[in-house]
Amino acid sequence: MSNTLLHVEDLSVGFRLDQGTVAVTDSVSFDIYEGEVFGLAGESGCGKTITALALLRLLPKPGSMILSGKILFKGTDILTLTLPQLRDFRGREISMIFQEPSAALNPLLPVGKQMHELFEYHRAADRPAERIREILNRVGFPDPDRILNSYPHELSGGMLQRIMIAMAVVLRPSLIIADEPTTALDVTVQAQIMELLYEMQQAAGTSVLLITHNLCLIAQYAKRIAIMYAGRIVESGECGVFLDKPLHPYSQGLLRALPDLRSDDPTLFPIPGQVPQPIDYASGCRFIDRCPHAFAPCKNKPPLFSAQNRLVACYLYENETHSDDHGASENREKAL
Amino acid sequence: MKMIEAKDLRTWFPISGGVFGRTIGYVRAVDGVDLTVSEQEIVSIVGESGCGKSTLGQSLVGLLPVTSGSVELQGRTLDISMAKSWRPFRKDFQIIFQDPFTSLNPRHTIFRILSEPLRIHHICKANLIRDYCTQLLLKVGLSPEYLDRFPHEFSGGQRQRIAIARSIGLRPRVIICDEVVSALDVSVQAQIINLLLDLKREMGLSLVFITHDLSLVKAISDRVYVMYLGKIVEEAGTKDLFSRPRHPYTEALLQSIPTLDRAIRPKTLGGDVPSPVNVPVGCVFQGRCPYVQATCRTVHPEIREVGASKVACYFPLTYNND
């Protein structure tokens, strides 16, 4: 088994509201191994972006904070880094691609200037100009000079996202966080961008945390997957195993609600009800109101049970867990 | 009967420039579109952003001034030069918009939002309006006690239900649904689509879905129009379109969608959609088409019948046993 690159343990993020501090994510744990694409999926408001921001300590301030947890990157706890250390760390070790490329770039500076800043800041390469031309070439701009002198508004969304990818990989980080990298783009452009990202990932052996609401993208590109619902991870494991047979009722509902291009059956199966707001989060299982299988134990918070080669936070699988602790923890290791 | 019949419809937006604000060009958002919608039919218009699909939808119901062409609604020809010619048809032709956060007035209660169109079109007596609105809410699966609340108290899915309630209150014959679920989560998307399909069956509606989501199109529609740069490039029954796409653009669209099946990798199409200001000479798709030939660079091909579909391409894709 390959080495763990990032280890997130019991990460909870809170927002300060009038009513007091509300935890928007609750004990999120996952591992990302070297050289793999890890998919984090969930609907809007489930806490996936907040988790990503927390990894780089980019949470909006004031108002939000990390309540508890550990984020170990190559053994160093990111939460203990000092601000100067953190600045050096961002971009060099972990870089991020945001959803809206036109919002992530400075509209007043030419693209080339912004790429140069990256090198000036990290004092990275001897001849940054050459590196920039080379990387722009690799992300599909045959004429980099024209791009370097363009302002963001002169370029299309797909071109801007290619530039963001170039900026994310140019310092050769170990992990790229891609938060909904293609949501703002058209399908034909989405395919271009995902293929490019995947190609860069494969070539450099970088790990990628792919955050998206689009399960199909994760199915295509990720090796392992974690499904989030209302601030908690409800199921995680190998992507193929998960897609063959999702265990958590929410995962099952999510897959059934997706219209499938390959099937001829036009019926859609919605999940009844709606996603709860953080302020209304139940103390037990948070899917209880929408779950067709809800029963008495669901009033308590479900721990992650290891069943059928993965972790699932649902009491339906309580009895499938190995009785002896040793086996369970071994299984847990395997699934993670 | 044909509910909507549009021929050679054009909606161009002038671009003004220079010191005196002269018109220096046009954005050809909709450029020569033929489209029909029959009674109780579900028609989808698909395309990428900027292809003119929303402009087309709004032009059909008179929300945008049409530049040229002809529009017939319920068999009657409209004078497209006057906005008021659509007025008698407003009741029967409703539209629901993409973003339920901006399509409901934040200062009005749900009751006011639902009752305003009823008053304008004299749908029911003043003393019965509240009952009528209650019925509407029940019909879209919301509790009647929501009548006195404001839009900000509802989630996206609930707001979209309110927008649906508002449009069905007038007992329309056609509802144009402009990206009605793209702002919603997957689990809620299916709820809204199923609601619209139920209402369609119950009220005998025709639906026009404007969307970029091909999986959704496949699940719900009878017939599909594929749009690219303001033009219809292919029109076909849903089955034909998905099993044997004829236009290279349709094929590329279908192949670029990721599916849950890990064995099938999406294929990529190079390039970006060109701007509708500088439409390329010849076929609109020639800049990105993998099968482009010299003929394609002359004039845009007329739409013609190939097999069971209609396609605007000089070299449409062919299949065995055609």
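A nonpolar core is here a set of buried Ala, Val, Leu, Ile, Met, Phe, Trp, Tyr and Cys residues joined through C-beta atoms within 7 Å, where a residue is buried if 20 or more other C-beta atoms lie within 10 Å of its own, exposed if 12 or fewer, and partly exposed in between, with C-beta atoms placed from the backbone. This is a predicted model, in which local features need pLDDT of at least 70 and side-chain atom pairs count only at pLDDT 80 or more, while totals for chains, interfaces and linings use all residues. Residues are numbered from 1 along each chain as its sequence is written, and chains are lettered from A, with ligands numbered from 1, in the order in which they are written.

**Nonpolar core**

- The largest nonpolar core has 189 residues, among which A:L209, A:L210, A:I218, A:V312, B:C177 and B:V208 touch the most other members.
- Helix α7 of chain A (residues 157–169) gives the most to this core, with nine residues; helices (H or I, at least four residues) and strands (E, at least two) are DSSP runs, numbered from the N terminus.
- Apart from its neighbours within four places in sequence, B:V208 is in contact with B:V37, B:V43, B:I45, B:G57, B:V174, B:I176 and B:C177, contact being defined by C-beta atoms, placed from the backbone, that lie within 7 Å.

**Helices α2 and α4 of chain B**

- In helix α2 of chain B (residues 110–120) the buried residues are B:I110, B:I113, B:L114 and B:S115, and these pack against α3 (129–139) and α4 (156–168) of chain B.
- The axes of α2(B) and α4(B) come within 8 Å and cross at roughly 25°, the axes being lines fitted to C-alpha atoms, for helices over the stretch in contact, and the angles running from 0 to 180 degrees between N-to-C directions.
- That angle makes α2(B) roughly parallel to α4(B), because angles under 35 degrees count as roughly parallel, over 145 as roughly antiparallel, 65 to 115 as roughly perpendicular and the rest as oblique.
- Residues B:I110, B:I113, B:L114 and B:P117 of α2(B) meet B:I162, B:A165 and B:R166 of α4(B), and by class this contact has six nonpolar, no polar and one charged residues, with Ala, Val, Leu, Ile, Met, Phe, Trp, Tyr, Cys and Pro counted as nonpolar, Asp, Glu, Lys and Arg as charged, and the others, Gly among them, as polar.
- B:I164, also found in helix α4 of chain B, is buried, with 25 other C-beta atoms within 10 Å, and, leaving aside neighbours within four places in sequence, B:I164 is in contact with B:I96, B:V140, B:L195 and B:L196.

**Contact between the chains**

- The contact takes 34 residues from chain A and 35 residues from chain B, and α8(A) gives the most to the side of chain A that touches chain B, with six residues.
- By class, the side of chain A that touches chain B has 19 nonpolar, 10 polar and five charged residues.

**Backbone features of chain A**

- A cis peptide bond, with omega about -10°, joins A:K61 and A:P62, and A:P62 has its place in the loop between α1 (48–55) and β4 (64–73) of chain A.
- A:A230, in the loop between β9 (224–229) and β10 (232–238) of chain A, has a positive phi of about 45° although it is not a glycine, and A:A230 counts as buried, with 24 C-beta neighbours inside 10 Å.
- A:N309 is not a glycine but has a positive phi of about 65°, and A:N309 is partly exposed, with 14 other C-beta atoms within 10 Å.

Technical notes. Two residues are in contact if their C-beta atoms, placed from the backbone, lie within 7 Å.
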